[in-house]
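I open this notebook to record what I looked up in the structure. The entries follow in the sequence in which I made them.

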Amino acid sequence: MKQILALLLFAGLTISLHGQEEVIQLDWDELGKTKPWVKTEQWDPVPTKVTPGFLNAPPSDAIILFDGTDLDAWHKPKYDYGARMDHVESILAWKTSNPSFSDAEWEVKDGMMIVSPGKGAIETKQSFGDVQLHIEWLAPVDPGKKGQGYSNSGVFLMGLYEIQVLNSYENATYSNGQAGAMYKQHMPLVNASRPPGEWQSYDIIFNAPRFNEDGSLEKAATITAFHNGVLIQNNAELSGPCVFIGEPYYVAHPEKMPILLQDHGNLVRFRNIWVREL
Ligand code: MG
């Protein structure tokens, strides 16, 4: 009934805007013979049923990347991430032609994994394209540190596109390099950081870039992200890999690539990491 009233109200408003006096009267008995509303009902496909997780616990269809017990889903790549575009290109060429790995050497303790400074980045054994990713991280209290040196790590989608991990609670740095920034490309919409010593979360929706057969870009990568449940990236379009030096540009790469976590020399902790392929 409410819908019918809303319809009548809308029709009335439309007509009064056009200066007419009569309100359209819908003949529901007549409409009931043909049921025109059925045309706009979409019944197929039926969305797959998923049991939602409690709080940040993984939903039933998630791929678990870290549940607090071991690094079985991860290994250490021979090289990690590129700091400059020519560096990115050389790493990509290696990754796609001659990949080699050793065991991930980060510490697992008390349900979390801890960056082992100097032991290098770790990367998922599985490759991913478009994903929903949940990851929790903690910047340990470390009063001597500041700026980019205070609990720096990073989540690199496809090993190339970094959402920055950093203590950005009362710790100044460049906006497009603070926590939640798509590094050097998009600052977060707001700073939703919790103080160091507290667990924080990222929930990320990432759409991988698409490339044409000749290697040119068909569609840029986009990212939507929530930091502690707050929207910080709203369908932000990336200009290419996130690099430390110089301007980014796209280099064609496989449809699926591993997710990489950065060793930036700080004892950042991670836990409860899961992903859903989109
Ligand atoms: Mg970083």
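I take a polar contact to be a pair of N or O atoms within 3.5 Å; within protein, one must be able to donate a hydrogen and the other to accept it, and residues adjacent in sequence count only if both atoms are side-chain atoms. I note that this is a predicted model, in which local features need pLDDT of at least 70 and side-chain atom pairs count only at pLDDT 80 or more, while totals for chains, interfaces and linings use all residues. Residues are numbered from 1 along each chain as its sequence is written, and side-chain values use heavy atoms, with hydrogens and water left out.

**Entry on histidine 134.** I found a polar contact of 2.7 Å between the side chains of histidine 134 and aspartate 203. Histidine 134 belongs to strand β7 (residues 131-138); strands (E, at least two residues) are DSSP runs, numbered from the N terminus. Its relative accessibility is 1%, so histidine 134 is buried (under 20% relative accessible area; exposed is over 50% and partly exposed in between, with a 1.4 Å probe and protein chains only).

**Entry on the magnesium ion.** I asked which residues coordinate the magnesium ion. They are Asn152 (OD1), Ser153 (O), Glu162 (OE), Gln164 (OE1) and Gln262 (OE1), at 2.2 to 2.4 Å. Donors are N, O and S atoms within 2.8 Å of the metal (3.2 Å for Na, K and Ca); water is not among the atoms, so sites may look incomplete. Along the chain, the donors of the magnesium ion are spaced as N-S-x8-E-x1-Q-x97-Q. Serine 153 lies in strand β8 (residues 153-157) and glutamine 262 in the loop between β15 (257-261) and β16 (269-277), so this pair ties together parts 109 residues apart in sequence. I recorded both serine 153 and glutamine 262 as buried.

**Entry on aromatic rings.** I looked up the aromatic pairs and found nine in the structure. Rings of Phe, Tyr and Trp (its six-membered ring) pair if their centres lie within 6.5 Å; planes under 30 degrees apart count as stacked, over 60 as edge-to-face and the rest as tilted. Tryptophan 28 is partly exposed, at 30% relative accessible area, and tryptophan 37 is partly exposed at 36%. For tryptophan 106 and phenylalanine 270, the centres are 6.2 Å apart and the planes at 20 degrees, so that pair is stacked. Both tryptophan 106 and phenylalanine 270 are buried. I also noted one aromatic cluster, formed by Tyr161, Phe206, Phe211 and Tyr250.

Terms used
Helices (H or I, at least four residues) and strands (E, at least two) are DSSP runs, numbered from the N terminus.
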